[in-house]
Amino acid sequence: MSSSQRNSQQEAPEYRVRVSGLKKEYQSGASKVVALEDFDLSVADNEFFCLLGPSGCGKSTMLRIVSGLLSHEAGEVDINASNRQRGGERPLTNMVFQEHGIFPWKSVLNNVAFGLKMRGVPKDERHEIANEYIEKVNLSGFEDSYPHQLSGGMKQRVGIARALANDPEILLMDEPFGALDAQTKEQLQQELLDLWSESQKTAIYVTHDIEEAILLGDRLGVMTARPGSVKEILENPLERPRTQQTRNREQFGALRDRVWNILSDEVQSAQKVSNK
Ligand SMILES: Nc1ncnc2c1ncn2[C@@H]1O[C@H](COP(=O)(O)OP(=O)(O)OP(=O)(O)O)[C@@H](O)[C@H]1O
Ligand SMILES: [Mg+2]
């Protein structure tokens, strides 16, 4: 398909984000590190896509490029913008980080309202929207608290509320629950499943946790060791709604084993690279 066809106003978007032939090199002192090479990915509208891969294969790099935070040497990132909604122009992307993703000097309310403020949404309206999302992530009563007064799980809830309140075309999440204890992680996974089923927002979710990817994702992409590219994409056959009990399903175990086998080869290659 040509780019003029892709940009046609009449055409219904068949993808929300398409990344093709992406290459990223970092200059590290005198040497170069090729983080991504020939990275291709297409994520459909309303799809929850999970990306797995060995440590250092370029997952965070890929998200940062899609979010526009980082430049790239070759390839294209094409985001299909939809109609604009409430609160003026919707941003293309919003990121939820593993840690330190929220402003320590801002209250919960002002953290959640931050993106809306940046795009000029009037105070009353942005507070109304922020309060709606604070309630959705079960943080009512903590509007005036500051991040240092919150637990790790609560901080991640603020990060998720902030990203959703801003209503981006694509939600990008970089191991948002990676630093949490197992119980808090399960609780937040469930909350995210419930929230996502309401909004069905297109999402790219990076995780190290195969079970988390199966619980959340419509499709799972496994990356190669660095330089990272997409090695294999698997469809997730588990129907929604999903709960923690979904883990007990036979299909869940079968998919986990398949992903584990694909990933373990790449983890070994990544270790060889880092031992060199
Ligand atoms: N600013 C930088 N300068 C130089 N090299 C970098 C920089 N950022 C990342 N890299 C290198 O690029 C590669 C990919 O890094 P990236 O953080 O994207 O990996 P990742 O898949 O997110 O890893 P992890 O799973 O550990 O979070 C790594 O080899 C890393 O050392
Ligand atoms: Mg990373």
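## Around the ligand

Let's start with ligand 1, which has 13 residues around it; Tyr26, Ser55, Lys59, Ser60 and Thr61 come nearest. Keep in mind that this is a predicted model.

Where do these neighbours come from? Strands β1 (17-28) and β2 (31-43) and helix α2 (59-66) each give at least two residues to the shell. Helix α2 supplies the largest share, with 3 residues.

## The nonpolar core

Next, look at the largest nonpolar core, which holds 65 residues. Its members that touch the most others are Leu52, Val112, Ala161, Ile204 and Tyr205. Helix α6 (residues 152-165) contributes 6 residues, the largest share of this core.

Setting aside neighbours within four places in sequence, Ala161 is in contact with Val112, Tyr133, Ile134, Lys136, Val137 and Leu139.

## The sheet and its helix

Now follow the strands. An open sheet is built from 6 strands in the order β5-β6-β7-β3-β8-β9, with mixed pairing. At its edges are β5 (93-96) and β9 (230-235), each pairing on one side only. On average, neighbouring strands here are turned by 20° against each other, direction ignored.

Strand β8 (residues 219-223) pairs with β9 in the antiparallel sense, over 5 bridges. Across this sheet, Gly221 stands opposite Ile233 in β9. Helix α6 packs on the sheet and touches β5 and β6 (170-174). The direction of α6 makes about 175° with that of β5.

Notes:
Residues are numbered from 1 along each chain as its sequence is written. Chains are lettered from A and ligands numbered from 1 in the order in which they are written. This is a predicted model: local features need pLDDT of at least 70, side-chain atom pairs count only at pLDDT 80 or more; totals for chains, interfaces and linings use all residues. A residue is near a molecule or strand if its C-beta atom, placed from the backbone, lies within 6 Å of it. Helices (H or I, at least four residues) and strands (E, at least two) are DSSP runs, numbered from the N terminus. A nonpolar core is a set of buried Ala, Val, Leu, Ile, Met, Phe, Trp, Tyr and Cys residues joined through C-beta atoms within 7 Å. A residue is buried if 20 or more other C-beta atoms lie within 10 Å of its own, exposed if 12 or fewer, and partly exposed in between; C-beta atoms are placed from the backbone. Two residues are in contact if their C-beta atoms, placed from the backbone, lie within 7 Å. Two strands pair if DSSP finds at least two bridges between them. Axes are lines fitted to C-alpha atoms, for helices over the stretch in contact, and angles run from 0 to 180 degrees between N-to-C directions.
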